[in-house]
Amino acid sequence: MDSKKTSWNYLIIAVLAMLLIASIISYGIDTNREVKEVVEDQYRERQLLLSKHISLGLEKYLNEKIFLLEIVVNHKVKDSHPSSFDYNSFLSDFETIYEYSEDYYALQFVDVDGTIVIGYPEKNTPIGYNLYDFNQSWAFEHVKESKDTYITGPRELQEGGIGTFVWVPVYVDDQFKGTIVGIIKIYDTTEKFLNDHDIAGDIYLIDSNGNIIYDSIYRDRVGLNYIEIVDDDNFGLRDILEDQLKGLDGTGIYISYFDSETNTYESKIVSYSTVNWGNHKWSLAVKNSYTDVDSLVGSVYEKQADFVVFTGSIILLIGLIVVLILSRWNHELEAEITKKTTALQKSNQELKDANERLKNLDKAKTDFISIVSHELRTPLAAIRTSSELLKDNACPSHIQNEMLELIIRNVDRQTRMVTDLLDVSRLDSDGMRFNKGKISINELIDLSVSEVSLLAKDKDISIDINIETNKKEIVSDKDRLTQVFVNLLTNAIKFTPIKGHIDIQVMSVNDTCIKVNIIDNGIGIPKDKIDTIFEKFYQVDHTSTRKVGGTGLGLSIARGIIEGLGGEIWVESEEKKGSKFTFTIPTS
Amino acid sequence: MDKELETKILNIMAQNPDSTSISISQELEIPDSQVNQVLNKLSDTREKILIVDDEMDTLLTTKRALEIDGYNVIEANDGKKALEIIRKENPDIILLDLMLPEMDGFDVCKKVKTDPLYGHIPIIMLTAKGEIKDKVDGIEIGADDYVTKPFNLSELKARIKMILRRANV
């Protein structure tokens, strides 16, 4: 039907599907951005928490080292008297701590003179080393004054490695007896601590001056100042370090690697937090590749892309299904409409045809009435005029005779007309009665032919009779059958030219039925009129009726009679060649 | 053909006032009877009425009535023949039936009235149809009068006389 409309529908559905997909993609992109922010924030927070956690852990761990020394000192001092104090008794404690803790490089006792007197292990202890002699007495003096623990370093040890010095003053009843110095291998300690905690990321630890105490990757950097070794390419790192030196906690990102040729770079995310250990304020940092975040977000992207592709496919699939359903529906609808339209057109046509038939019937009726009135008036007019003429005395006698004959002729004609009309009326109202009796076929035909013999003689038409049936008699209505024969023969004579020929054939169809043909070589009947010549009101055409005379009711009456007697009547004809009227009648 | 013959005979008589029907027939090499027929026709001074009707009996009674009254009555059975006869005989008046084979009364009337040569011939329409519409149609196309069948013979005669008088004035 309307394929334009259908393709519009498809277009609208396609556009809707595309809009839906586009909105999903845009929403996905938007969401991705947010997801990236959230993931980044989460990552930063998590990393910061991690660094704080490590810092606190390390802080606690290192503080424990101090507490251990302080506990040993307090324990010793509590039971001692200034006179009876013997520093040698520390040696066994030193040994225990050293063996147990593993974090100490050495544990030593410095007497009031600033001379290292005992230590464990002995190989790491410069016995007899005087701090004053080597101008190393600052921390010693400081703890003596403050009576509080103090930490120095980190510093490279003579024997290698990095050590942090924990100075714990020993007072017995407010009498200074010296200090314990615990040298902690800070690098190893830190590493040990970190190893005990499975930590993701690289770690470095710097003191408040920026000196590197620990670096999980670049061990050789230990002891160097981080700020001094920062490369200008490491964009962002200096800011981070400055924050760290200020003792702040936080997270930052810096470029760890930049290739100016390929313009590729790698960035790292650094979370840092302070480690407060005694008088020291260090900063510990956890580094991770920022690409981890990217890859994390990337994996989210992938999932989302999967989702978008999946949803898009679903939408397209649904769209396709909708289109299919619609087109199928359309087709069904179209088929239905076509069906309905056809039915409507058909019934319209039938109505038109019926209307046309009614019109024709109406016209035929009007024509019939007009002809009948003409036919009824014409003889009356002739009779009237001739009667008037007869009344006139001036009328000569030969004209008088002529007029009287004319009157009789017209009265007969009028009678025939009235009889025919009555027959038509009876056939119309099924009021025709048949008086059946035995009829001789020969007699019937002879009687009929003799009735039309004058007419035939006038036109010099010969009538041949062929009876080809063994049946001699039938049971039927003699008068009515004669009327049928006469009507058909009259009709044949009317339309057959002068010196024409008419054949009557009678034959058996079966035991109960005979067939009669009346064949003429007259003008024939046009093909388009052949179906209607038996119609009640039908006249081949009015002028032909006028030309040949008669009411035009003969054939209609003949059909009515034949059908009333249980037979059939039909005609075969060819124009200008002649007609063959055939009827059948039951024999009983 | 007839008119040609009439013209020839009239010419001979004009040139030779003494010529007889025999001498004319000899001169034109035609039978004497044919010459007499033409002469009779030429000498007929009666008013000529053409009746056009396909009903022979109606036509016959009217013809006889008018003949008794001393008219020269000629007849035609259909429209086409009527037109032929009008051209040949040039009647003084036409009684024209409406329902005719070949060509109906209206068409014949229209043809006659629009012909410059015969348009003057008065026409009385005769028909069994008494409907007013037919009358109006007939008058509109130039019929001079209208008589409905079955007509009163004296009325018809009176109408003919009246119309002929009007035409001759």
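Which residue of chain A forms a salt bridge with B:R64? In this predicted model, the partner is A:E402, and the closest N and O atoms of the two residues are 2.4 Å apart. Between chain A and chain B the count is 3 salt bridges, alongside 5 residue pairs in polar contact. On the side of chain A that touches chain B, the elements giving two or more residues are α7 (290–391), α8 (397–428) and α11 (542–548). The largest share comes from α7(A), with 12 residues.

The contact as a whole draws 26 residues from chain A and 25 residues from chain B. An interface is often sized by the accessible area lost when the parts come together. Here the two chains bury about 2200 Å² between them, and 62% of that area lies on carbon and sulfur atoms.

Aromatic rings are the next topic. Over all chains, 17 aromatic pairs are found. In one of them, A:F90 and A:F109, the ring centres lie 5.4 Å apart and the planes meet at 20°, so the pair counts as stacked. A:F90 belongs to helix α2 (residues 90–101) and A:F109 to strand β1 (residues 104–111), so the pair links parts of chain A that are 19 residues apart. Both A:F90 and A:F109 are buried, and they form one aromatic cluster together with A:F85, A:Y87 and A:F94.

A:Y129 and A:F134 also form a stacked pair, at 4.5 Å centre to centre and 5° between the planes. A:F134 is partly exposed, its relative accessible area being 48%.

The charged end of A:K65 is 4.3 Å from the centre of the A:Y61 ring, and that of A:R155 is 4.4 Å from the centre of the A:F165 ring.

Terms used
Residues numbered from 1 in each chain as written. Chains lettered and ligands numbered in written order. Predicted model: local features only at pLDDT ≥ 70, side-chain atom pairs only at ≥ 80, totals over all residues. Heavy atoms only, no water. Phe/Tyr/Trp six-rings, centres within 6.5 Å; stacked < 30°, edge-to-face > 60°. Helix = DSSP H or I, 4+ residues; strand = E, 2+ residues; numbered from the N terminus. Buried < 20%, exposed > 50% of the residue type's maximum accessible area, 1.4 Å probe, protein only. Lys NZ or Arg CZ within 6 Å of the ring centre and 35° of its normal. Contact = heavy atoms within 4.5 Å. Buried area = accessible area lost by both parts, 1.4 Å probe. Salt bridge = Lys/Arg side-chain N within 4 Å of Asp/Glu carboxyl O. Polar contact = N/O pair within 3.5 Å; in protein donor to acceptor, adjacent residues only side chain to side chain.
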